[in-house]
Amino acid sequence: ADELDCIAGMPVLPALHLLWGAKEAIYKSYGQRGLNFINDIRVLPFVFHPESGDFRALLPGNTLYLLRYQ
């Protein structure tokens with residue numbers, strides 16, 4: 001629900017692609033099985049810029065990931 005709130009007002013398809021892409025990239029870079037997309041990877045609120053931008057995601061143990069998109 002928090003992630004849906006943070007993309008409110010953004011174009012739906014790009015916002016969902018960003019969220020899914022971020023979670024998939026984090027899952028792959030984390031390198032350990034058992035990481036749950038919904039419960040373990042939390043994308044923090046961010047401001048959407050159509051061309052490029054960055055945002056953060058929080059993982060178990062308060063591990064913070066910085067992600068950039070173009």
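1. Start with α1, the element that gives the most to the lining of the largest pocket, with three residues. A pocket here, on a 1 Å grid over the protein atoms alone, is an open set of points where a 1.4 Å probe fits, with protein on both sides within 12 Å along at least five of seven lines, and lining residues have an atom within 4 Å of a point. Helices (H or I, at least four residues) and strands (E, at least two) are DSSP runs, numbered from the N terminus.

2. Before going on: this is a predicted model, in which local features need pLDDT of at least 70 and side-chain atom pairs count only at pLDDT 80 or more, while totals for chains, interfaces and linings use all residues. Residues are numbered from 1 along each chain as its sequence is written, and side-chain values use heavy atoms, leaving out hydrogens and water.

3. Back to the pocket, which holds about 180 Å³ of space (the space filled by probe spheres set on the grid points, joined across faces, edges and corners). Its lining is made up of Ala1, Asp2, Glu3, Leu4, Leu19, Lys23, Ile38, Asn39, Ile41 and Arg42. By type, the lining residues are five nonpolar, one polar and four charged.

4. Leu4 sits in helix α1 and is exposed, at a relative accessible area of 56%. For the terms: exposed is over 50% relative accessible area, buried under 20%, and partly exposed in between (1.4 Å probe, protein chains only).

5. Now α2: its 19 residues reach 27 Å from first C-alpha to last, close to the 27 Å expected at 1.5 Å a residue (1.5 Å times one less than the number of residues). Which residues of α2 are buried? They are Ala15, Leu18, Leu19, Ala22, Lys23 and Ile26. Seen down the helix axis, these fall within an arc of 120°, so they line one face of α2; the arc is that of the directions from the axis to the C-beta atoms.

6. The cover over those buried residues includes α1, β1 (42-43), β2 (53-59) and β3 (63-69), with contact meaning heavy atoms within 4.5 Å. On the other side of α2, Leu13, His17, Trp20 and Lys28 are exposed. Just after the helix, Gly31 takes a positive phi of about 75°.

7. Last, the loop between β1 and β2 contains Pro45, which is exposed with a relative accessible area of 62%. From Pro45 to Ala22 is 23 residues in sequence and 13 Å in space, C-alpha to C-alpha.

Notes: Ala, Val, Leu, Ile, Met, Phe, Trp, Tyr, Cys and Pro count as nonpolar, Asp, Glu, Lys and Arg as charged, and the others, Gly among them, as polar.
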